[in-house]
Amino acid sequence: MSDTALIETARDFNRFYTNFLGLLNKAYLDSPYTLTDARILFEIGSHDGISATALVRDLHLDPAYLSRILKRFRAEGLIETSPDPADLRSQIITVTNRGRGEFEELGRRANAQIAARFDALATGEPQAVVSAMDTIRALLDPAAKPSPAVIRPHRAGDIGWIVQSQGRFYAEEYGWDLRFEALVAEVAGKFLANFDPATEYCWIAERGGVNVGSVLVTNGGDGIAKLRLLYVDKSARGLGLGKLLVDECIRFCRQNGYRELSLWTNDMLETARAIYIKAGFRLVSEERHHMFGPEANGQTWVLDL
């Protein structure tokens with residue numbers, strides 16, 4: 001796509017999104033406030049006192065324009081001001097009880113607006129939208145911080161995501177054929193069909209409401225647990241999630257009395273192998289195979305617990 005086409009596409013998206021959120025309406029969120037009014041009230045309500053100077057700087061507003069809005073807010077009983085001890089030319093602004101109520105009501109209306117839009121989408125699509133938003137902000141806002149990742153137990157739909165994400169990833173990255181996806185589906189299906197939380201578990205790494213990693217522990221019998229299907233999405237590499245997921249497996253196995261944790265991997269998965277080595281796993285066997293198309297070197301690793 002040419003530079004001109006890229007710019008036109010970006011502008012077209014901006015027009016769509018401003019209409020989507022109703023930002024051009026004079027009454028924002030069916031309230032008596034404009035979008036600028038609501039944003040200023042949001043900034044004041046979100047801080048335990050903020051200066052007019054900071055509002056001008058952070059919102060890139062004309063000082064005279066901001067002054068007129070603040071004067072109206074003061075007359076309506078939404079804010080109160082006091083001298084700024086750090087700058088006698090400025091003021092510290094806080095919301096009144098009435099202003100707090102308006103600030104919270106605008107928040108409720110904004111949440112309801114987005115929730116209604118998301119309710120009309122298919123399963124998984126709201127997460128895809130939020131992930132795209134995170135990407136846009138990460139690329140365009142130098143000050144943006146990535147959403148923190150959380151490790152949680154699996155829930156409905158997660159096992160299907162594991163099959164889909166790993167099938168697609170290994171096909172794209174390593175050229176593995178559908179037999180690998182079939183293997184993942186078989187392992188995941190048996191896990192669900194025989195799930196016993198006392199001896200088996202699944203952890204999902206999630207960031208910004210989007211799944212970005214996973215791992216399973218299954219019962220191999222005779223005091224041996226198996227670490228299966230470790231995966232971290234490309235969008236979350238470098239965050240240490242692979243190590244966190246493996247650490248959860250080891251902790252779980254020790255707490256539940258397993259004597260050994262084993263896993264099978266392939267030697268081209270260097271990042272995963274580095275995690276296993278650092279965790280204390282030892283290589284016990286390896287063999288060449290064509291299980292998924294291209295030749296690979298399968299390896300079995302074990303950790304004495």
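**Note on the predicted model**

1. UniProt, in an unreviewed entry, places the feature "domain: HTH marR-type" at residues 1-138, with the caution that such annotations may be inferred rather than shown by experiment. Over residues 1-138 the chain is 63% helix and 12% strand, and the end C-alpha atoms lie 22 Å apart; helices (H or I, at least four residues) and strands (E, at least two) are DSSP runs numbered from the N terminus.

2. This is a predicted model, in which local features need pLDDT of at least 70 and side-chain atom pairs count only at pLDDT 80 or more, while totals for chains, interfaces and linings use all residues. Residues are numbered from 1 along each chain as its sequence is written, and side-chain values use heavy atoms, with hydrogens and water left out.

3. Helix H7 (residues 158-174) has 17 residues and should span 24 Å at 1.5 Å a residue, which agrees with the 23 Å between its end C-alpha atoms; the expected span is 1.5 Å times one less than the number of residues. H7 is followed by Gly175, whose phi is positive, near 70°.

4. The axes of helices H9 (residues 241-255) and H10 (residues 270-279), lines fitted to C-alpha atoms over the stretch in contact, come within 10 Å and cross at roughly 45°. Gly242, Lys243, Val246 and Ile250 in H9 meet Ile275, Tyr276 and Ala279 in H10, contact being heavy atoms within 4.5 Å.

Terms used:
Axes fitted to C-alpha atoms, helices over the stretch in contact; angles between N-to-C directions.
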